[in-house]
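I opened the notebook to look up a few things in this structure. My entries follow in the order I made them.

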Amino acid sequence: MRMPRPRSLAGQLFAVQAALVALAVAGCAVFAYAADRAQAEDAARHEVTASAEAIADSPFVLEAVRSPDPSALLQPYAEEVRRDTGITFVTIMDTDGTRWTHPDPARIGGTFIGHTGPALAGETFTETYTGTLGPSVRAVVPVHRADGEIVALVSTGLGVDAIGDRLARQVAGLLVVAFAALALGGVGSYALQRRLRRHTRGMNAVELSQMLDYHEATLHAVREGLLLLDDRHRVALINDAARELLALAAVPGGPVGRGIGGLGLPEPLTETLRADGPRVDEVHLTAERILVVSTSPVATGSRRGTVVTLRDHTDLRALAGELDSARGFAEALRSQAHEAANRLHAVVSLIELGRAEEAVEFATAELELAQALTDRVVGSVSEPVLAALLLGKAAQAAERGVELVLDPDSSIDDGVLPPSLPTRDLVTILGNLIDNAVDAAVEAALGDGPAGAAAGSGTPLVTVVARAADGELLLAVSDTGAGLSPEAAAAAFRRGVSTKGEGRGLGLALVNQAVCRNGGTIGVDAASAQTPGGARFTVRLPLPAEVPA
């Protein structure tokens, strides 16, 4: 048997509000009824007192009391007053209580039912008492002669039934107002319920609580960074992964509610997050990470904002860099194998032609040239990864017609570099600088660079300095390319800045990131006298003091 679905939150609130409105209206109605009843009784006392005092003060009543037959004169007068005032009875009596007037003529001459003592003492008083006409609110007033003697008593009364009739008319009006207030409150509650139902999608409290729990669990479990910005580009929501990727854990008071511009993010990333249009898979660099950023504007009713997803590609980029290096080494080996095969064919041909001495001379010259480069690199750079990188880059450069030269001052002994300095970062730094230098030298030689072919002449040249001394590791790469303008030099390490066209400019940004990650510095200036016209990039990485240079 399927259990009935609980009432929606909007429906529950409507029921509660309707009940509260009904209780409030009922309470007010009861209070108003009690107040009206008390006021009706007070009004009745004042009315009968005023009527009795007016009759007692009448000269006609005083003269009639002195006459031989007071009833004959007073009965018509009392009935006229009763009809004019609307009270229940007017009784004028002797001091002993004998009635001279009564609404029922048969009761004239009988004894007044009620208290008269206070009136005989000269006081006016009121009471609720049951007489011949039923319960009533009555007043008893003494009639005085000129000398102050009490010669008669006047009692006027208003029946409780008459008071009830008056109260019933008031209660009818009160009920109309109460029902109108209840209807108005019900309509308002229903309108609020409809609005709340639209916002809560008709879900009940349990479903909303479950959705919030699932939302929180999903938000913190997802490995990608998730960031929600409002229409003023303030952080409305951020998950744990985004805090870690953007290094916002140390922001005082947390990033929620802060503007994007106040989070200390790189300027290109901040501009992307502030963009009005969508962005798809843009690569951005922070101080320590490579992020792939996508943004999507959203609109919900009158609210607008931006959903941002962040993916960490730091390790992927590092692996891609290592793969590129390995591919470069393989390409260098292929190139060298190709060149070796060509040289071997030449040697064989010379031997077949009977020119053995020339074949030996050709072979040994090529071997001496290749061995000299290898000996120079291995002799100066004992770090095996850097040595392999330099040999591979030298072969690649030679294939493109560029001569890669290791400066004679280069010297890195084996074991000098500490374990805290990752070889992966060294490959990133030196490999990207050499690749950029080779590209710049080739473009200048072909006349394709920004400055055309006037940047240099002769064989394109790239010079590398790798030296560990004075507590620092110095890596410098200079070329015979077209060089950099002051504006280009100032912006060289920003992501996307390149002289090679659109879609480039990540290499130097990665270099800068690796340098900053290891506490070093990087600079660019004009090339040395040996490589005029080009650019020179210099990287300085600190080495531990206890490590000998």
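**Entry 1: the chain.** I noted at the outset that this is a predicted model. I counted 14 helices and 14 strands in the chain. The chain has 549 residues, and buried ones make up 38% of them.

**Entry 2: aromatic rings.** How many aromatic pairs does the structure hold? I found 1. Phe 60 and Tyr 77 form this pair, with 5.2 Å centre to centre and 50° between the planes. I logged the pair as tilted, because stacked needs planes under 30 degrees apart and edge-to-face needs over 60. Next I looked up where the two rings sit. Phe 60 lies in helix H2 (residues 59–66) and Tyr 77 in helix H3 (residues 70–85), so the pair ties together parts 17 residues apart in sequence. I also checked accessibility. Phe 60 has 35% relative accessibility and counts as partly exposed. Tyr 77 has 21% and also counts as partly exposed.

**Entry 3: helix H11.** I looked up the span of H11, residues 384–399. Its 16 residues reach 23 Å from first C-alpha to last. That is close to the 22 Å expected at 1.5 Å a residue. I listed buried residues in H11, among them Leu 386, Leu 389, Leu 390 and Lys 393. Ala 394, Ala 395 and Ala 397 are buried in H11 too. Just after H11, I noted a positive phi of about 85° at Gly 401.

**Entry 4: H12 against H14.** At what angle do H12 and H14 pack? I read about 145°, with the axes 9 Å apart. The crossing of H12 past H14 is left-handed. I then went through the contact residues. On the H12 side they include Asp 425, Thr 428, Ile 429 and Leu 433. On the H14 side they include Leu 508, Val 511, Ala 514 and Arg 517. By class, I logged 7 nonpolar, 4 polar and 2 charged residues in the contact of H12 with H14.

**Entry 5: Val 427.** Is Val 427 buried or exposed? I found 18% relative accessibility for Val 427, so it counts as buried, the cut-off being under 20%. Val 427 has its place in helix H12 (residues 423–446). I also took one distance from Val 427.

How values were computed
Residues numbered from 1 in each chain as written. Predicted model: local features only at pLDDT ≥ 70, side-chain atom pairs only at ≥ 80, totals over all residues. Heavy atoms only, no water. Phe/Tyr/Trp six-rings, centres within 6.5 Å; stacked < 30°, edge-to-face > 60°. Helix = DSSP H or I, 4+ residues; strand = E, 2+ residues; numbered from the N terminus. Buried < 20%, exposed > 50% of the residue type's maximum accessible area, 1.4 Å probe, protein only. Expected span 1.5 Å × (residues − 1). Axes fitted to C-alpha atoms, helices over the stretch in contact; angles between N-to-C directions. Left-handed = near helix turned anticlockwise from the far one by under 90°. Contact = heavy atoms within 4.5 Å. Nonpolar A, V, L, I, M, F, W, Y, C, P; charged D, E, K, R; others polar.
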